[in-house]
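Hi everyone, thanks for making time. Let me put the structure up on the screen, and then we can walk through it together.

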Amino acid sequence: MATYTEKDFKSILLVRKFIDSWFWERYAINPYNGCQFGCIYCDSRSQKYYLPTDFENDIIIKKNAGEMLDKRLTNARTLLPDVVGVGGTTDPYQPVETKYENTRRCLEVLGRHRYPVHIATKSNLVLRDLDLLEKIGKNNWCTVSTTITTADPDMARFLETRAPAPELRFNVIKTIKEKTKHVQTGVLLMPVVPFLSDSDGNLEELMRAANESEADYVLFGAGMTMRDLQAKWFLKHLKEKYPELVQKYEELYHFKYNPESYAGTYEPDSSYSIKINEKFLALSKKYNLPYRAKRWIPNDYRKENYIIAEKLLNEAYLIQMRGKQWSNSFWAGQNIQNLRESICDIAKRNELSEIRNVNGKVESFIKEQLRI
Ligand code: SF4
């Protein structure tokens, strides 16, 4: 049984130095700490987040989250509107939201300040806020991503203990498509859990169902990450239910099982990820489902910067999926979207090569985009 504790916090809005190139988020808000859904692979259990030890039962409610956010955005002299990711280390629509409505309050504020929004959730409670999400989408940009890792309800119960069943999550996408006109919605097929949710049958079924739900995209991540306490927790559950798989994990993540600590790699062996990524790319083509969400484009000096960066970052993603050298396109894209002036003005001065990571190839690409 979860306990709820209200706490004061000094800040509510995280400002990223570099935009998250998967979800296009510049900012992040977590209205709660801890998550009642208790997924056994949850990365938020890792020490780097300093969250409650009893992550799924000890739920912290950020007191006055909406008011704090309003104050922060009202007084922000240096912040420009950009995509705010709601959730990340917590599910913004876990059961506590029905009582405290911190997420809804934050969305109301973001809507008033005209900030675009990306929501990542496993919960059908998000449908409660369709009115608000449609308004944000109409005035600006709104995207709802529903995480679905397995089509098998029994496996979902093992991996994502208290989260709504996969069928209900697909229904979130269907309902958004039916009832809104301005909300982009798709599936986060991540993490792919080795030997538990990576079968050809499961991947195919998820893509088929995403297609049937008319998802706008399916974002895919083959490499389930493993880090300190998160890995320890996951392996404990794996050993209890699927002891025969422990050795396979030892090989994939290069460690020797020790219930006290984890000393393996952060990601599975790249040969594994590349193989799974190729399967996914083939399915994405088969079902005609984009593997990237369309990003928000600002209407100020950043417009061309973001359009060009999107293309470079999409290219970097594809190269990375194929296990090749991707970092130059990635960093060129990141540095372009962080420019403090329009790339058109830089091009006019013939100074494109002075942008970090813009080599001859990227420069030609930019000129082609700008038609110069
Ligand atoms: S829903 Fe997300 S935040 Fe919550 S436990 Fe699962 S993975 Fe973690």
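Between domain 1 and domain 2 the count is 1 salt bridge. Keep in mind as we go that this is a predicted model. The partners to look for are Arg322 and Glu278, whose closest N and O atoms are 3.3 Å apart.

Which elements give two or more residues to the side of domain 1 that touches domain 2? They are β2, residues 14–20, and α10, residues 270–286. Of the elements there, α10 gives the most, with 5 residues. By class, that side of domain 1 divides into 10 nonpolar, 2 polar and 6 charged residues.

Now let me step back to the domains themselves. The domain assignment gives domain 1 as 3–225 + 267–295, and domain 2 as 309–370. Their C-alpha centres lie 28 Å apart. Across the boundary, 18 residues of domain 1 are in contact with 15 residues of domain 2.

For those of you who like areas: the size of an interface is often given as the accessible area lost when the parts come together. Here the area buried between domain 1 and domain 2 is about 1,500 Å², and carbon and sulfur atoms give 54% of that. Phe18, Arg292 and Arg295 supply 32% of what domain 1 buries against domain 2, more than any other three residues.

Next, salt bridges in general. How many does a search of the whole structure find? The answer is 30 salt bridges. One of them joins Arg26 to Asp82, with the closest N and O atoms 3.8 Å apart. Arg26 sits in strand β3, residues 25–29, and Asp82 in the loop between α1 (65–74) and β6 (84–86), so this pair ties together parts that are 56 residues apart in sequence.

On to the ligand. If you zoom in, you will find Cys35, Phe37, Gly38, Cys39, Cys42, Phe55, Thr90, Asp91 and Lys122 around the ligand. Sorted by class, this shell has 5 nonpolar, 2 polar and 2 charged residues.

A cis peptide bond joins Met190 and Pro191, with omega at about 0 degrees. Pro191 belongs to the loop between β9 (183–189) and α7 (200–212). The other detail is Asn64, which has a positive phi of about 50 degrees although it is not a glycine. Look for Asn64 in the loop between β5 (58–62) and α1.

Key. Residues numbered from 1 in each chain as written. Predicted model: local features only at pLDDT ≥ 70, side-chain atom pairs only at ≥ 80, totals over all residues. Heavy atoms only, no water. Near = heavy atom within 4 Å. Nonpolar A, V, L, I, M, F, W, Y, C, P; charged D, E, K, R; others polar. Domains from an automatic or database assignment. Contact = heavy atoms within 4.5 Å. Buried area = accessible area lost by both parts, 1.4 Å probe. Salt bridge = Lys/Arg side-chain N within 4 Å of Asp/Glu carboxyl O. Helix = DSSP H or I, 4+ residues; strand = E, 2+ residues; numbered from the N terminus.
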